[in-house]
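Please find below some notes for a colleague who is opening this model and wants to know where to look.

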Amino acid sequence: MDIAVVGAGYVGLSVALLLARHHTVHVVDINPMRVAAINARTPYFSDAEMRDCLVHCDELGLSIQATQDPVVAYLHARYVIVAVPTNFDPDRNNFDTGALESAVGAIRAVNNEAWIVIRSTVPIGYTEALAKRRSDERILVSPEFLREGHALLDNLHPSRVIVGTATDNGKARANAHSFAQILAAEATADEQLPTEHPMLMVCTAREAESIKLFSNTYLALRVAFFNELDTFCEANGLDTGTVIRGTVADTRIGNYYDNPSFGYGGYCLPKDTKQLLSSYRDIPQDLIGAVVASNHTRKRFIVDEVFARVQALRGRDEAQPIVGVYRLTMKQGSDNFRESSIIDVISGLRERGVTIRIYEPLIGSDHFMDCPVEQDLPTFKRRCTIILANRWADELSSCRDKVYTRDLFHRD
């Protein structure tokens, strides 16, 4: 069938490549460079599987084209998947859904019969409210659960496929089941990529939206827990690795998502935890707010720890210590540093007058946040007195004695 995907970011392009194996897919994006890149089969993300799939999609028989023409994309589409950004607006204490609403309006200007599937993360109750406001019963919501840097792989091997209906009628439920089965069929269609059949769930839109936000908030909670464990150990002279290994040996806790960091970050966890917290309003809660607050506390602790080291060096040497920041991305294999925890650490150190240099090959300019950017790694390592690394990399081995990191297990 014909399927359109609005938004050529990680979420949109990964699901487009997935569905293009057995369907005709048009990708719509406002960025002409992304449209041109898709049509030229030129990757623009660091996601290894997605890059390889786009480069070889013609050889693989994938039917995918990108366009900026809504008529070409939407006119014959059975499903239109909307995967546009919904950034958290602190002034409104809510997601900014403006781009999503514009996309829905553009779809309906061309095609009133297509089923719109919201893949963007939205506030709880948003899909239902949108459907009522537009008197539109053909709107579904299907949240994604993708890891940054492995978006296509996670589409091929989903833990679950969730589709929520905005209206309680048989036609909506039937199409929700159909769409869930389409995603599941693509996930299990390739014998070269064996996978267990994912759990399929059709529920209300509010339930689907809640599953997404509670899932990400639990992940953030887990990060925050082990970060606070690490803070306690650092303050009391304990070996964090020993305490974590002994703690997670309990199978009820589990040895996963337990590696300390400078704080949770990336595009999803910071905004999704804030959105869930705002959804509570008059509902009693302590834990969700604590997850959000804990991340700020952790980053302040990292700033304090690094500043103490700077002060100690200032007392020994007349030269001004230089703190180097190794990479702005949250983890290896990513090219995204939106909401990266190191950004707030840099801000905190600069407020205390610390001299900072940054090594980030993804930055084309020679300054970032008014800090000089060094493109040559050996020069960066030589010039810096302390090097901050949210995530360890083997190329830092030659200056290990300079590196401050909380990445104890060199993973995640």
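**Notes on helix packing, cysteines and buried residues**

1. In this predicted model, Tyr-10, Leu-13, Ser-14 and Leu-17 of helix 1 meet Met-50, Cys-53 and Leu-54 of helix 3, where contact is taken as heavy atoms within 4.5 Å. Sorted by class, this contact of helix 1 with helix 3 comprises 6 nonpolar residues, 1 polar residue and no charged ones; Ala, Val, Leu, Ile, Met, Phe, Trp, Tyr, Cys and Pro count as nonpolar, Asp, Glu, Lys and Arg as charged, and the others, Gly among them, as polar.

2. Residues are numbered from 1 along each chain as its sequence is written, and side-chain values use heavy atoms, with hydrogens and water left out. Since the model is predicted, local features need pLDDT of at least 70 and side-chain atom pairs count only at pLDDT 80 or more, whereas totals for chains, interfaces and linings use all residues. Helices (H or I, at least four residues) and strands (E, at least two) are DSSP runs, numbered from the N terminus.

3. Helix 1 (residues 10-19) packs against helix 3 (residues 48-55) at an angle of about 50 degrees, and their axes are 11 Å apart; the axes are lines fitted to C-alpha atoms, for helices over the stretch in contact, and angles run from 0 to 180 degrees between N-to-C directions. The two helices are therefore oblique to each other, given that angles under 35 degrees count as roughly parallel, over 145 as roughly antiparallel, 65 to 115 as roughly perpendicular and the rest as oblique. The crossing of helix 1 and helix 3 is left-handed, a term used if the near helix is turned anticlockwise from the far one by less than a right angle (right-handed if clockwise).

4. How many of the 10 residues of helix 1 are buried? The number is 9, so helix 1 is largely enclosed by the rest of the structure; buried means under 20% relative accessible area, exposed over 50%, and partly exposed in between, with a 1.4 Å probe and protein chains only. Among the buried residues of helix 1 are Tyr-10, Leu-13, Ser-14 and Leu-17, which also take part in the contact with helix 3.

5. The structure holds 0 disulfides, a disulfide being a pair of cysteine sulfur atoms within 2.5 Å. For Cys-57, the nearest cysteine sulfur is that of Cys-53, 6.6 Å away, and Cys-57 counts as buried at 0% relative accessibility. For Cys-268, the nearest cysteine sulfur belongs to Cys-203 and is 19 Å away, while Cys-268 is partly exposed at 24%.

6. Apart from its neighbours within four places in sequence, Asn-227 is in contact with Pro-260, Ser-261, Gly-263, Tyr-264 and Arg-298.

7. Finally, Phe-380 in helix 14 (residues 377-383) is buried, with a relative accessible area of 0%. Leaving aside neighbours within four places in sequence, the contacts of Phe-380 include Gly-324, Tyr-326, Arg-357, Tyr-359 and Ile-387.
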